[in-house]
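Subject: Structure handover

Hi,

Here is the structure I promised you. Please open it beside this email and follow along.

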Amino acid sequence: MQLMTSTNPTFNQELQAIRRDIHAHPELCFEEQRTAEVVAKKLTEWNIPILRGLAVTGVIGIIKKGNSARAIGLRADMDALPMQEINTFPHASQHPGKMHACGHDGHTAMLLGAAYYLAKHGNFDGTVFLIFQPAEEGGGGAKRMMDEQLFTLCPMQAIYGMHNWPGMAAGSFGVKAGPMMASSNEFKVTIHGKGAHAAQPNRGIDPIMVAIQIAQSWQSIITRNKNPLDAAVLSITQIHAGSANNVIPEEATIIGTVRTFTTATLDLIETRMREITEHTCAAFGATGHFEFRRSYPPLINHAPETALAIGVMRSIAGAEKVNTDIEPSMGAEDFAFFLQEKPGCYVFIGNGEGNHRESGHGLGPCNLHNASYDFNDELLPIGIHYWVKLAETALSKQGA
(Lines give C-alpha, C1' and ligand atoms only; values in the text may rest on other atoms or scores of the structure.)
Protein backbone atom coordinates (compact mmCIF):
# COMPACT_ATOMS: atom_id res chain seq x y z
CA MET A 1 0.00 0.00 0.00
CA GLN A 2 1.37 3.39 -0.97
CA LEU A 3 -0.10 6.19 1.08
CA MET A 4 -0.82 9.46 -0.63
CA THR A 5 1.00 11.33 2.14
CA SER A 6 4.31 10.33 0.56
CA THR A 7 3.35 11.85 -2.77
CA ASN A 8 0.95 14.58 -1.70
CA PRO A 9 2.99 17.42 -0.19
CA THR A 10 -0.13 19.59 0.06
CA PHE A 11 -1.79 17.20 2.48
CA ASN A 12 1.47 16.83 4.41
CA GLN A 13 1.59 20.58 4.78
CA GLU A 14 -2.05 20.71 5.89
CA LEU A 15 -1.43 18.12 8.61
CA GLN A 16 1.71 19.91 9.74
CA ALA A 17 -0.25 23.16 9.94
CA ILE A 18 -2.93 21.43 12.03
CA ARG A 19 -0.31 19.93 14.34
CA ARG A 20 1.45 23.24 14.84
CA ASP A 21 -1.82 25.09 15.36
CA ILE A 22 -2.72 22.66 18.14
CA HIS A 23 0.78 23.04 19.60
CA ALA A 24 0.37 26.82 19.68
CA HIS A 25 -2.97 26.52 21.51
CA PRO A 26 -2.42 23.91 24.26
CA GLU A 27 -5.30 22.98 26.54
CA LEU A 28 -5.13 21.09 29.81
CA CYS A 29 -7.09 17.98 30.78
CA PHE A 30 -10.85 18.21 30.27
CA GLU A 31 -10.39 21.73 28.83
CA GLU A 32 -9.64 20.66 25.24
CA GLN A 33 -12.60 22.57 23.77
CA ARG A 34 -10.70 24.25 20.92
CA THR A 35 -8.74 21.10 20.07
CA ALA A 36 -11.91 19.01 20.04
CA GLU A 37 -13.52 21.57 17.73
CA VAL A 38 -10.57 21.36 15.32
CA VAL A 39 -10.88 17.56 15.28
CA ALA A 40 -14.66 17.55 14.89
CA LYS A 41 -14.53 20.13 12.09
CA LYS A 42 -12.02 18.11 10.05
CA LEU A 43 -13.87 14.81 10.53
CA THR A 44 -17.13 16.44 9.50
CA GLU A 45 -15.44 18.03 6.49
CA TRP A 46 -14.38 14.54 5.42
CA ASN A 47 -17.93 13.17 5.91
CA ILE A 48 -16.96 11.01 8.87
CA PRO A 49 -19.77 10.61 11.44
CA ILE A 50 -18.77 11.72 14.92
CA LEU A 51 -19.79 11.19 18.52
CA ARG A 52 -18.98 13.99 20.97
CA GLY A 53 -19.15 14.68 24.67
CA LEU A 54 -17.65 11.60 26.31
CA ALA A 55 -15.34 12.73 29.12
CA VAL A 56 -16.42 16.34 28.43
CA THR A 57 -14.31 17.00 25.32
CA GLY A 58 -13.84 13.57 23.73
CA VAL A 59 -14.46 13.14 20.01
CA ILE A 60 -14.97 9.79 18.26
CA GLY A 61 -14.96 9.38 14.49
CA ILE A 62 -16.77 6.36 13.08
CA ILE A 63 -15.75 4.83 9.75
CA LYS A 64 -17.72 1.78 8.64
CA LYS A 65 -17.18 -0.18 5.45
CA GLY A 66 -18.66 -3.46 4.27
CA ASN A 67 -21.01 -5.61 6.33
CA SER A 68 -18.81 -7.13 9.01
CA ALA A 69 -19.63 -6.58 12.70
CA ARG A 70 -15.92 -6.57 13.54
CA ALA A 71 -14.51 -3.31 14.92
CA ILE A 72 -11.34 -1.85 16.37
CA GLY A 73 -10.46 1.40 18.13
CA LEU A 74 -7.52 3.68 17.38
CA ARG A 75 -6.74 6.22 20.09
CA ALA A 76 -4.93 9.57 20.22
CA ASP A 77 -4.66 11.83 23.28
CA MET A 78 -5.29 15.59 22.98
CA ASP A 79 -4.31 17.33 26.23
CA ALA A 80 -1.24 19.40 27.10
CA LEU A 81 0.81 19.87 30.26
CA PRO A 82 0.76 22.65 32.89
CA MET A 83 4.31 23.86 32.19
CA GLN A 84 5.97 26.86 30.61
CA GLU A 85 7.39 26.41 27.11
CA ILE A 86 10.79 28.02 26.49
CA ASN A 87 10.80 27.51 22.71
CA THR A 88 10.38 30.68 20.66
CA PHE A 89 9.71 29.30 17.18
CA PRO A 90 6.50 30.53 15.48
CA HIS A 91 4.28 27.68 16.68
CA ALA A 92 5.36 27.87 20.34
CA SER A 93 2.61 27.98 22.96
CA GLN A 94 0.56 31.15 23.05
CA HIS A 95 -0.80 30.30 26.51
CA PRO A 96 1.59 30.91 29.43
CA GLY A 97 1.94 27.95 31.73
CA LYS A 98 0.60 25.46 29.18
CA MET A 99 2.60 23.41 26.68
CA HIS A 100 2.35 20.40 24.39
CA ALA A 101 5.49 18.86 25.87
CA CYS A 102 4.47 15.23 25.30
CA GLY A 103 3.52 15.24 21.61
CA HIS A 104 -0.22 14.85 21.93
CA ASP A 105 -0.53 17.50 19.23
CA GLY A 106 1.31 15.10 16.89
CA HIS A 107 -0.74 12.11 18.02
CA THR A 108 -3.93 14.00 17.21
CA ALA A 109 -2.64 15.06 13.78
CA MET A 110 -1.55 11.50 12.89
CA LEU A 111 -4.93 10.04 13.76
CA LEU A 112 -6.66 12.80 11.79
CA GLY A 113 -4.55 11.93 8.76
CA ALA A 114 -5.41 8.25 9.18
CA ALA A 115 -9.10 9.18 9.42
CA TYR A 116 -8.92 10.94 6.07
CA TYR A 117 -7.28 8.00 4.27
CA LEU A 118 -9.38 5.34 5.89
CA ALA A 119 -12.55 7.21 4.91
CA LYS A 120 -11.42 7.94 1.36
CA HIS A 121 -9.31 4.94 0.45
CA GLY A 122 -9.53 2.37 3.27
CA ASN A 123 -9.77 -1.24 2.11
CA PHE A 124 -11.36 -3.10 5.01
CA ASP A 125 -14.57 -4.76 6.16
CA GLY A 126 -15.83 -3.54 9.52
CA THR A 127 -15.73 -0.42 11.68
CA VAL A 128 -12.88 1.76 12.85
CA PHE A 129 -13.54 3.97 15.87
CA LEU A 130 -11.16 6.94 15.96
CA ILE A 131 -10.91 7.89 19.62
CA PHE A 132 -9.64 11.41 20.33
CA GLN A 133 -9.27 11.24 24.09
CA PRO A 134 -8.94 14.08 26.60
CA ALA A 135 -7.07 14.17 29.89
CA GLU A 136 -4.31 11.59 29.60
CA GLU A 137 -1.93 13.70 31.66
CA GLY A 138 -3.16 12.77 35.11
CA GLY A 139 -6.86 13.21 34.48
CA GLY A 140 -7.67 9.59 33.68
CA GLY A 141 -9.63 10.53 30.57
CA ALA A 142 -9.56 6.94 29.31
CA LYS A 143 -11.29 5.64 32.42
CA ARG A 144 -13.85 8.42 32.31
CA MET A 145 -14.69 7.60 28.70
CA MET A 146 -15.17 3.99 29.74
CA ASP A 147 -17.31 5.02 32.71
CA GLU A 148 -19.46 6.98 30.28
CA GLN A 149 -20.05 3.82 28.21
CA LEU A 150 -17.43 4.15 25.46
CA PHE A 151 -17.37 0.42 24.79
CA THR A 152 -21.16 0.18 24.84
CA LEU A 153 -21.63 3.04 22.40
CA CYS A 154 -18.67 1.89 20.32
CA PRO A 155 -18.46 -1.91 20.57
CA MET A 156 -15.03 -3.11 19.46
CA GLN A 157 -12.99 -6.27 19.71
CA ALA A 158 -9.59 -4.58 20.17
CA ILE A 159 -8.02 -1.18 20.76
CA TYR A 160 -4.64 0.27 19.80
CA GLY A 161 -2.54 3.24 20.90
CA MET A 162 0.72 4.91 19.86
CA HIS A 163 3.10 7.41 21.50
CA ASN A 164 6.15 9.18 20.15
CA TRP A 165 9.40 8.26 21.92
CA PRO A 166 12.39 10.65 21.95
CA GLY A 167 15.79 8.97 21.70
CA MET A 168 14.54 6.34 19.24
CA ALA A 169 15.41 6.96 15.60
CA ALA A 170 12.66 8.77 13.74
CA GLY A 171 10.52 6.27 11.88
CA SER A 172 11.51 3.31 14.00
CA PHE A 173 9.11 1.47 16.30
CA GLY A 174 9.30 -0.19 19.70
CA VAL A 175 6.91 -2.54 21.47
CA LYS A 176 6.78 -5.36 23.96
CA ALA A 177 4.15 -7.96 24.73
CA GLY A 178 3.13 -7.98 28.37
CA PRO A 179 3.99 -5.15 30.81
CA MET A 180 5.30 -2.13 28.88
CA MET A 181 4.58 0.82 31.18
CA ALA A 182 4.22 0.98 34.94
CA SER A 183 1.35 1.76 37.24
CA SER A 184 1.29 5.27 38.68
CA ASN A 185 0.42 5.79 42.33
CA GLU A 186 0.72 8.70 44.76
CA PHE A 187 1.18 8.72 48.51
CA LYS A 188 1.01 11.35 51.24
CA VAL A 189 1.84 10.89 54.90
CA THR A 190 1.01 13.53 57.48
CA ILE A 191 2.87 13.10 60.77
CA HIS A 192 1.48 14.83 63.85
CA GLY A 193 3.98 15.45 66.63
CA LYS A 194 4.22 18.02 69.40
CA GLY A 195 5.74 21.42 68.83
CA ALA A 196 8.45 22.80 71.08
CA HIS A 197 11.33 25.25 71.26
CA ALA A 198 14.31 23.89 69.35
CA ALA A 199 16.44 24.43 72.46
CA GLN A 200 14.12 22.16 74.46
CA PRO A 201 13.46 19.18 72.15
CA ASN A 202 12.67 16.98 75.15
CA ARG A 203 9.40 18.89 75.59
CA GLY A 204 8.17 18.01 72.10
CA ILE A 205 7.72 15.12 69.69
CA ASP A 206 9.73 15.93 66.60
CA PRO A 207 7.77 15.00 63.43
CA ILE A 208 10.83 15.69 61.29
CA MET A 209 12.81 12.90 62.96
CA VAL A 210 9.83 10.59 62.50
CA ALA A 211 9.66 11.53 58.79
CA ILE A 212 13.38 10.78 58.39
CA GLN A 213 12.98 7.36 59.99
CA ILE A 214 9.97 6.52 57.84
CA ALA A 215 11.71 7.66 54.64
CA GLN A 216 14.76 5.52 55.34
CA SER A 217 12.74 2.49 56.41
CA TRP A 218 10.55 2.60 53.30
CA GLN A 219 13.58 1.89 51.12
CA SER A 220 13.94 -1.49 52.81
CA ILE A 221 10.64 -2.45 51.18
CA ILE A 222 12.28 -2.26 47.77
CA THR A 223 15.52 -3.96 48.83
CA ARG A 224 14.31 -6.48 51.41
CA ASN A 225 10.56 -7.17 51.02
CA LYS A 226 9.99 -7.08 47.27
CA ASN A 227 11.13 -9.87 44.99
CA PRO A 228 14.35 -8.58 43.37
CA LEU A 229 13.09 -9.78 39.97
CA ASP A 230 9.99 -7.54 40.16
CA ALA A 231 10.80 -3.98 39.13
CA ALA A 232 9.43 -1.18 41.31
CA VAL A 233 10.21 2.42 42.24
CA LEU A 234 9.39 4.21 45.49
CA SER A 235 10.36 7.87 45.18
CA ILE A 236 9.89 10.49 47.87
CA THR A 237 9.60 13.79 46.02
CA GLN A 238 8.54 16.22 48.76
CA ILE A 239 9.09 16.65 52.50
CA HIS A 240 7.48 19.66 54.15
CA ALA A 241 7.91 20.76 57.74
CA GLY A 242 8.58 23.81 59.85
CA SER A 243 8.77 27.55 59.32
CA ALA A 244 11.45 28.78 61.72
CA ASN A 245 15.00 27.72 62.61
CA ASN A 246 14.34 27.62 66.34
CA VAL A 247 10.96 25.85 66.40
CA ILE A 248 10.21 22.13 66.33
CA PRO A 249 7.02 22.01 64.24
CA GLU A 250 3.79 20.24 65.03
CA GLU A 251 3.58 18.49 61.67
CA ALA A 252 5.60 17.05 58.80
CA THR A 253 4.43 15.75 55.42
CA ILE A 254 5.98 13.21 53.04
CA ILE A 255 4.77 13.01 49.41
CA GLY A 256 5.85 10.88 46.48
CA THR A 257 5.09 8.17 43.95
CA VAL A 258 5.24 4.38 43.59
CA ARG A 259 5.59 2.63 40.23
CA THR A 260 5.19 -1.12 39.59
CA PHE A 261 4.44 -3.49 36.73
CA THR A 262 2.21 -5.84 38.74
CA THR A 263 -0.69 -5.36 41.12
CA ALA A 264 0.71 -7.95 43.53
CA THR A 265 3.93 -5.97 43.97
CA LEU A 266 1.93 -2.78 44.40
CA ASP A 267 -0.23 -4.43 47.08
CA LEU A 268 2.90 -5.48 48.96
CA ILE A 269 4.49 -2.03 48.80
CA GLU A 270 1.35 -0.21 49.91
CA THR A 271 0.80 -2.60 52.84
CA ARG A 272 4.38 -2.32 54.06
CA MET A 273 4.44 1.48 53.69
CA ARG A 274 1.33 1.73 55.83
CA GLU A 275 2.70 -0.66 58.49
CA ILE A 276 6.05 1.12 58.70
CA THR A 277 4.33 4.49 58.97
CA GLU A 278 2.00 3.41 61.77
CA HIS A 279 4.61 1.57 63.83
CA THR A 280 7.32 4.21 63.42
CA CYS A 281 4.94 6.96 64.50
CA ALA A 282 3.86 4.89 67.49
CA ALA A 283 7.49 4.26 68.49
CA PHE A 284 8.13 8.01 68.68
CA GLY A 285 4.84 8.87 70.34
CA ALA A 286 3.54 10.61 67.22
CA THR A 287 0.52 9.83 65.05
CA GLY A 288 0.46 9.46 61.28
CA HIS A 289 -2.17 9.65 58.57
CA PHE A 290 -1.26 7.52 55.53
CA GLU A 291 -2.93 8.15 52.17
CA PHE A 292 -2.30 6.07 49.05
CA ARG A 293 -4.00 6.73 45.71
CA ARG A 294 -3.82 4.36 42.76
CA SER A 295 -3.96 6.49 39.63
CA TYR A 296 -3.11 4.44 36.53
CA PRO A 297 -2.71 0.65 36.37
CA PRO A 298 0.25 -0.97 34.58
CA LEU A 299 -0.03 -0.99 30.80
CA ILE A 300 -0.01 -4.62 29.67
CA ASN A 301 -0.03 -5.41 25.94
CA HIS A 302 -1.91 -8.50 24.78
CA ALA A 303 0.12 -11.05 22.84
CA PRO A 304 -2.10 -11.62 19.74
CA GLU A 305 -2.70 -7.91 19.15
CA THR A 306 0.98 -7.18 19.73
CA ALA A 307 1.93 -9.80 17.13
CA LEU A 308 -0.46 -8.15 14.68
CA ALA A 309 1.05 -4.72 15.36
CA ILE A 310 4.59 -6.06 14.95
CA GLY A 311 3.72 -7.49 11.55
CA VAL A 312 2.29 -4.15 10.45
CA MET A 313 5.29 -2.17 11.74
CA ARG A 314 7.72 -4.50 9.99
CA SER A 315 5.82 -4.23 6.73
CA ILE A 316 6.06 -0.44 6.64
CA ALA A 317 9.41 0.23 8.36
CA GLY A 318 11.40 -2.96 7.85
CA ALA A 319 12.26 -5.53 10.51
CA GLU A 320 15.52 -3.76 11.36
CA LYS A 321 13.58 -0.69 12.53
CA VAL A 322 11.20 -2.56 14.84
CA ASN A 323 12.35 -3.40 18.36
CA THR A 324 10.01 -6.11 19.63
CA ASP A 325 11.55 -6.31 23.10
CA ILE A 326 11.84 -2.67 24.07
CA GLU A 327 12.80 -1.86 27.64
CA PRO A 328 9.62 -1.18 29.63
CA SER A 329 9.15 2.34 30.96
CA MET A 330 8.44 3.30 34.56
CA GLY A 331 6.33 6.11 33.12
CA ALA A 332 2.57 5.63 33.18
CA GLU A 333 -0.18 5.94 30.58
CA ASP A 334 -3.94 5.85 31.02
CA PHE A 335 -4.34 3.73 27.87
CA ALA A 336 -3.76 0.98 30.45
CA PHE A 337 -7.41 1.32 31.49
CA PHE A 338 -8.53 0.45 27.96
CA LEU A 339 -6.29 -2.63 27.95
CA GLN A 340 -7.89 -3.86 31.17
CA GLU A 341 -11.22 -4.05 29.34
CA LYS A 342 -10.24 -4.86 25.75
CA PRO A 343 -7.38 -6.71 24.05
CA GLY A 344 -4.97 -4.40 22.36
CA CYS A 345 -1.48 -3.05 21.90
CA TYR A 346 0.35 0.20 22.61
CA VAL A 347 3.50 1.03 20.64
CA PHE A 348 6.25 3.65 20.57
CA ILE A 349 7.24 5.50 17.38
CA GLY A 350 10.70 7.06 17.40
CA ASN A 351 10.78 10.86 17.63
CA GLY A 352 14.54 11.20 17.01
CA GLU A 353 17.13 13.07 19.05
CA GLY A 354 15.73 16.57 18.53
CA ASN A 355 17.58 17.63 15.38
CA HIS A 356 14.24 18.30 13.70
CA ARG A 357 13.60 21.30 15.93
CA GLU A 358 13.67 24.63 14.15
CA SER A 359 15.56 27.76 15.09
CA GLY A 360 14.14 29.11 18.31
CA HIS A 361 14.02 25.89 20.30
CA GLY A 362 15.12 25.91 23.92
CA LEU A 363 18.53 24.76 25.12
CA GLY A 364 17.16 21.67 26.84
CA PRO A 365 16.90 18.21 25.29
CA CYS A 366 13.95 17.12 23.19
CA ASN A 367 12.64 14.83 25.90
CA LEU A 368 9.05 14.29 26.93
CA HIS A 369 7.83 16.74 29.57
CA ASN A 370 10.77 19.05 28.81
CA ALA A 371 10.29 22.76 28.11
CA SER A 372 12.40 22.45 24.92
CA TYR A 373 10.41 19.55 23.45
CA ASP A 374 8.71 19.60 20.05
CA PHE A 375 7.05 16.81 18.07
CA ASN A 376 8.87 15.68 14.93
CA ASP A 377 6.63 16.41 11.92
CA GLU A 378 8.53 13.82 9.87
CA LEU A 379 6.55 11.20 11.81
CA LEU A 380 3.18 12.33 10.47
CA PRO A 381 3.14 10.22 7.27
CA ILE A 382 4.80 7.27 9.04
CA GLY A 383 2.29 7.26 11.86
CA ILE A 384 -0.60 7.61 9.42
CA HIS A 385 0.75 4.69 7.40
CA TYR A 386 0.88 2.55 10.55
CA TRP A 387 -2.69 3.39 11.57
CA VAL A 388 -4.12 2.75 8.11
CA LYS A 389 -2.21 -0.49 7.56
CA LEU A 390 -3.13 -1.68 11.06
CA ALA A 391 -6.83 -1.06 10.49
CA GLU A 392 -6.79 -2.74 7.08
CA THR A 393 -4.91 -5.75 8.47
CA ALA A 394 -7.08 -6.16 11.57
CA LEU A 395 -10.26 -5.79 9.52
CA SER A 396 -9.10 -7.44 6.31
CA LYS A 397 -11.80 -8.57 3.94
CA GLN A 398 -10.31 -12.06 3.94
CA GLY A 399 -11.03 -12.26 7.68
CA ALA A 400 -14.67 -11.30 7.32
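Start with helix H10. Its buried residues are Leu379, Leu380, Gly383, Ile384, His385, Tyr386, Trp387, Val388, Leu390, Ala391 and Glu392. Buried means under 20% relative accessible area, exposed means over 50%, and partly exposed is in between (1.4 Å probe, protein chains only). Helices (H or I, at least four residues) and strands (E, at least two) are DSSP runs, numbered from the N terminus.

A word on the model before going on. It is predicted, so local features need pLDDT of at least 70 and side-chain atom pairs count only at pLDDT 80 or more, while totals for chains, interfaces and linings use all residues. Residues are numbered from 1 along each chain as its sequence is written, and side-chain values use heavy atoms, with hydrogens and water left out.

Back to H10. This helix covers residues 379–394. Its 16 residues should span 22 Å at 1.5 Å a residue, and its end C-alpha atoms are 22 Å apart, which agrees. The expected span is 1.5 Å times one less than the number of residues.

Helix H3 (residues 104–121)

Is H3 enclosed or open? Of its 18 residues, 15 are buried, so H3 is largely enclosed by the rest of the structure.

H3 with H10

The axes of H3 and H10 come within 8 Å and cross at roughly 50 degrees. Axes are lines fitted to C-alpha atoms, for helices over the stretch in contact, and angles run from 0 to 180 degrees between N-to-C directions. H3 and H10 are therefore oblique to each other. For the angle words, under 35 degrees is roughly parallel, over 145 roughly antiparallel, 65 to 115 roughly perpendicular, and the rest oblique.

The crossing of H3 and H10 is right-handed. H3 brings Gly106, Ala109, Met110, Leu111, Gly113, Ala114, Tyr117, Leu118 and His121 to the contact. H10 brings Leu379, Leu380, Gly383, Ile384, Trp387, Val388, Ala391 and Glu392. Contact means heavy atoms within 4.5 Å. By class, this contact has 12 nonpolar, 4 polar and 1 charged residues. Ala, Val, Leu, Ile, Met, Phe, Trp, Tyr, Cys and Pro count as nonpolar, Asp, Glu, Lys and Arg as charged, and the others, Gly among them, as polar.

Now pick out Leu111. It sits in helix H3. At 0% relative accessibility, Leu111 counts as buried. Leu111 and Gly383 are 272 residues apart in sequence, but 8.0 Å apart in space, C-alpha to C-alpha. Leaving aside neighbours within four places in sequence, Leu111 touches Leu74, Arg75, Ala76, Leu130, Ile131, Phe132 and Trp387.

H1 and its two partners

Helix H1 (residues 9–24) packs with helix H2 (residues 33–45) at an angle of about 160 degrees, their axes 10 Å apart. That makes H1 roughly antiparallel to H2. The H1 and H2 crossing is right-handed. Glu14, Ile18, Asp21 and Ile22 of H1 meet Arg34, Thr35, Val38 and Lys42 of H2. These residues divide into 3 nonpolar, 1 polar and 4 charged.

H1 also meets H3. Their axes come within 9 Å and cross at roughly 145 degrees. This crossing of H1 and H3 is right-handed. Among the contact residues are Phe11, Leu15 and Ile18 of H1 and Ala109, Leu112 and Tyr116 of H3. By class, the contact of H1 with H3 has 8 nonpolar, 4 polar and 2 charged residues.

Loops to look at

Which loop holds Phe30? Phe30 is in the loop between H1 and H2. Phe30 has a positive phi of about 65 degrees, although it is not a glycine. With a relative accessible area of 23%, Phe30 is partly exposed.

His369 is in the loop between strand E16 (344–350) and H10. His369 has a positive phi of about 60 degrees and is not a glycine. At 41% relative accessibility, His369 counts as partly exposed.

Gly331 lies in the loop between strand E15 (322–323) and helix H9 (335–341). Gly331 and Thr260 are 71 residues apart in sequence and 9.8 Å apart in space, C-alpha to C-alpha.

Best wishes

Conventions: A crossing is left-handed if the near helix is turned anticlockwise from the far one by less than a right angle, and right-handed if clockwise.
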